[in-house]
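Let's take a friendly walk through a protein model. Have a look at the sequence and the 3D view first, then read on.

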Amino acid sequence: MKEKGWTRVLNKMLIFSIFMLTVFTLMVRDAQAAVKVDVEKIEIVGNDVLAAGRSTTYKANVTPSNATNKGVLWSVVPENSGATITAAGALKIDAKCTLNSIEVIATSKDNKEILEKKKVAINSTAIETINVLDDKGDSVLGKTITLYRTKITDNTKIDTIVTPSITWVNKNAIIDYKAYKFISSDENLVTVDQEGHIQVTGNTTGKATIKCQAIDGTKDGNGKLLTKSFIVKVIEPVEHIEITGNELVGGLNSVKYTASAFPASATNKKLVWSVYPENKGVNISKTGVLSVTKDCQIDSVNVIAKADEDSAVYTTKKVAINKAGIKAINFDDNNGNRVGKTINLYRVKVTEETPVDYKLNANITWKMDGVTGKNCPYVFSSSDERIATVDQSGYVVVTGEMTGKCTIKCVAIDGSKNQNGVVIQKSVEINVTNPLSKLELSIPDGRSKYVAKGSAIKLAVKKIADYGATPAKTLKFTSSNVSVATVDGNGVVTFKADSYSPVTITATVNDDTKVSGSIELIATNVIKNIQLGYIPSDRANTNKISMLEVSDAPIEFPLTFNAPDQASASIKAVCPEFTVTSNMPEYIEASFENGIVKLWPKKEILNKNVEIIIKPKDGTKFSAKWLFRVEMPEELILEEYDVSTLLKNSVIIDVFNDEDETVVIEEIEDETSENIPSDAESDSEELTDEYREDESIEEETGDMD
C-alpha cells in the first residue's frame with residue numbers, strides 16, 4: 001500500500017513538471033515572436049542581358065537571413081515600355097521592345113526605403129543557334145581538344161582559343177551586348193575566359209567540359225538555357241627517353257633494345273625507332289631489334305628513339321659495330337695451354353710458390369673466317385668478389401676476404417648466341433683455401449684463470465682465419481711448466497701446484513704454419529673453509545641462523561679463508577673469484593666484489609631462512625652456505641623476548657660486537673636445514689679463542705632455560 005501511494009505522488013510530480021515545461025516553452029516562443037528583425041539589404045540574382053521576346057526569372061536574396069519579413073515588391077523602369085515583371089520576379093521583354101536597357105527593382109515589403117536595382121541590357125534579337133570553332137575554323141562541338149599538362153617543346157600545347165559562331169533570330173539585327181558565356185566544368189584542370197581562351201592549369205591531368213551557354217534567355221527544346229559543349233583532355237607529355245641495350249653488336253647478330261619514356265605518368269609512351277646513318281648494313285625494327293648484316297660498312301651507328309606524340313622529344317644511343325660476331329670462347333694460360341675446369345688458389349701467400357692470382361687468356365673463334373672484331377666483344381665477371389676478382393684482361397686475384405669457390409665468366413657482349421639462343425660464354429671455377437692464422441684459448445663460463453691444486457680445467461680453443469671459413473686442423477698442446485700443470489691432447493689442464501704458481505698453456509696448429517695461441521693460468525691453494533666477515537666459518541653449512549636488520553644500503557663482509565691457519569692461506573693464496581647467490585634476493589640481495597661480500601637486507605622475514613651461498617671459480621666443489629633472517633631495526637633485542645617464547649623455540653642469541661657494526665646471530669633448530677657436511681663439523685671444532693668465550697653465553701642461556 002505504501003508503494004502505491006509513492007507511485008501516485010511521483011506521477012503527479014511528473015505531470016506537473018511537463019506542464020511547467022510547456023508553459024515555459026510557450027513563453028519563450030512568444031518572447032521571440034515579439035522581437036522584430038528588420039531587412040538590411042537586398043541582392044538581385046539573374047540575367048545581365050535579355051533578348052527581346054525572351055523572359056527570365058530573378059531572385060532576391062534578403063539580408064539578414066532571419067529577417068521577419070523577407071517579402072519584396074518587383075518593378076521595372078521605365079514602366080509600360082515593353083518590359084513587364086510579375087510579383088514572383090518573372091521578367092518578360094516584348095518582341096517589339098525598342099529599349100536598350102531597363103532597371104529591375106526589388107523593394108522590401110517591410111521597409112520601402114530598402115531596395116536594390118539591377119541594370120539589364122536588352123538585345124533587339126535572340127540567339128537561335130550556337131556553334132564553337134577552333135583556330136582552324138572547324139567546329140569542336142561534341143569533339144575533344146587535347147592539351148598537355150606542361151610545355152616541353154613547341155609541339156606540346158598548353159592552351160588554345162575557340163570562337164563562338166552565333167546564328168540570330170533576326171539575321172539583320174544589330175547586337176549590342178554579348179549574349180553567351182563560357183564555363184569550365186573543372187577549373188583545377190583548365191580555365192576559360194569569356195574570349196574563349198582555354199588554358200591548362202598544370203595541376204593535374206584529366207578531362208573537363210567547356211560550355212558555351214546563352215545568357216539572353218534563349219532556351220532549348222527542354223526549357224533549359226541553350227548550351228553547347230565540347231571536351232578538353234589534358235595529358236602528361238613525355239619529357240625525356242632512355243635507351244638500354246648493348247654497347248656493341250657483332251656481325252650477323254641481332255640485339256633487342258628497350259626504351260623508357262619519362263615521367264612514368266606520361267599518357268602516351270609509344271616510341272618510334274630509327275638508326276643513323278641509314279642503309280649501311282645496320283637496321284632496326286619497329287620493336288627495337290637491331291640487326292647487323294654481313295655487308296655492314298660502318299664501325300658505329302646511332303640508335304634513335306622518338307616520342308610518338310612529339311618527335312621533338314627523342315634520345316640517341318651510340319652503338320659500336322664489329323663486322324664479325326663470336327662463335328666460341330676458350331681459356332688458355334700464359335703458356336698457351338688450355339685451362340681446365342678448376343683453378344686452385346690460396347687466400348694467403350705463405351710461400352713464394354703459393355699461387356694467389358692467375359691470368360686467363362680468352363681465345364676467340366669468330367663467326368666469319370678471316371674477319372675479326374675491332375672492339376673487345378666480351379666481358380669478364382666474378383660470381384663472388386669477396387673470394388676473387390677479375391679485370392677485363394682476365395687477370396684473377398684472390399681478395400683475401402674469405403675462402404670458398406667462385407665462378408669466373410667470360411660472356412659475349414656483342415649479341416652472339418649459340419644455336420639454342422643462349423649467349424656465348426665460358427667459365428672456370430676458382431677454389432680458394434685458407435690456412436689458419438690465429439688461435440685463441442679461453443676459459444669456459446663459470447670458471448676463472450685461477451685453478452686449485454688437484455683440479456682440472458678444459459680450455460676452449462677458437463680457430464681463426466684472417467677472413468672467412470676455418471679449415472679443419474689438428475692441434476698440439478704444451479705446458480710451460482709441467483711441475484705446475486700438465487695438459488693433454490684435448491686441452492684439459494691438470495694442476496699439481498698451488499701458491500699462486502703461474503703456468504702458460506700453448507696450442508699449436510699441426511701444419512707448416514706453426515700458428516699458435518697461449519693463455520696464462522694460476523695455481524691456487526685449496527679452500528677448506530670461509531669466514532664471512534665476523535661470522536666464523538663453523539656457522540657455514542649448519543642450521544645456525546644469523547639475524548640482519550633491514551638496511552637502506554648493503555653491509556660489507558670481508559672474506560677470510562682456511563681458519564685457523566689463515567696466515568698460511570695468505571701465503572698460499574686462494575682463488576679471488578667467487579659467485580655469491582641469494583635464494584630470496586627480494587629479502588637479501590647478495591653480490592661479490594674485490595674480496596668483499598655485500599649483503600643488502602631489504603625487508604623483514606622472520607618465518608623463513610634466506611640462504612647465501614658462496615662458491616669459488618677454481619674447479620673445486622667447495623661451497624659454503626649461511627642462513628639468515630631479517631628483522632626491522634631495534635626490534636630484535638634480547639630484553640624484549642619473552643622467556644617462555646625462548647624456551648618454546650629454543651632460541652639462542654650470540655652477539656658479535658665491533659666498532660663499526662653489530663651482527664646479531666640467532667641459532668634456531670631448523671628441521672628443513674640440509675645435513676651438515678662432515679668437513680663443516682670438523683671445521684666447527686676449530687673455533688677461535690674469542691668465539692669460545694662468546695660460546696659461554698649460549699651455555700649460560702641454556703642454564704637459564
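## Ground rules

A residue is called buried under 20% relative accessible area, exposed over 50%, and partly exposed in between (1.4 Å probe, protein chains only). By that rule E195 is exposed, at 58%.

Keep in mind that this is a predicted model: local features need pLDDT of at least 70, side-chain atom pairs count only at pLDDT 80 or more, and totals for chains, interfaces and linings use all residues. Residues are numbered from 1 along each chain as its sequence is written, and side-chain values use heavy atoms, with hydrogens and water left out.

## Salt bridges

A salt bridge here is a side-chain nitrogen of Lys or Arg within 4 Å of a carboxyl oxygen of Asp or Glu. The count comes to 15. One of them joins K178 and E195, with the closest N and O atoms 3.5 Å apart. K178 sits in the loop between strands 13 and 14 and E195 in the loop between strands 15 and 16, so the pair ties together parts that are 17 residues apart in sequence. (Strands are DSSP runs of E, at least two residues; helices are runs of H or I, at least four; both are numbered from the N terminus.)

K602 and E589 make another salt bridge, this time with 2.9 Å between the closest N and O atoms. K602 lies in the loop between strand 51 and strand 52, while E589 is in strand 50, so this pair links parts 13 residues apart in sequence. There's also a network of salt bridges, linking K36, D38 and D110.

Now to an open sheet with the strand order 46-48-51-50 and antiparallel pairing. Strands 46 and 50 stand at the edges with a single partner each, so one side of each has no neighbour in the sheet. Two strands count as paired if DSSP finds at least two bridges between them. Strands 50 and 51 have six bridges, and S591 has K598 in strand 51 as its bridge partner.

Most residues other than glycine have a negative phi, and most peptide bonds are trans. Which two residues does the cis bond with omega near 5° connect? That one runs from F262 to P263. Another cis bond joins Y276 and P277, with omega about 0°.

Y500 has a positive phi, near 60°, and is partly exposed at 35%. N562 has a positive phi too, about 55°, but N562 is buried, at 7%. You'll find N562 in the loop between strand 48 and helix 2.
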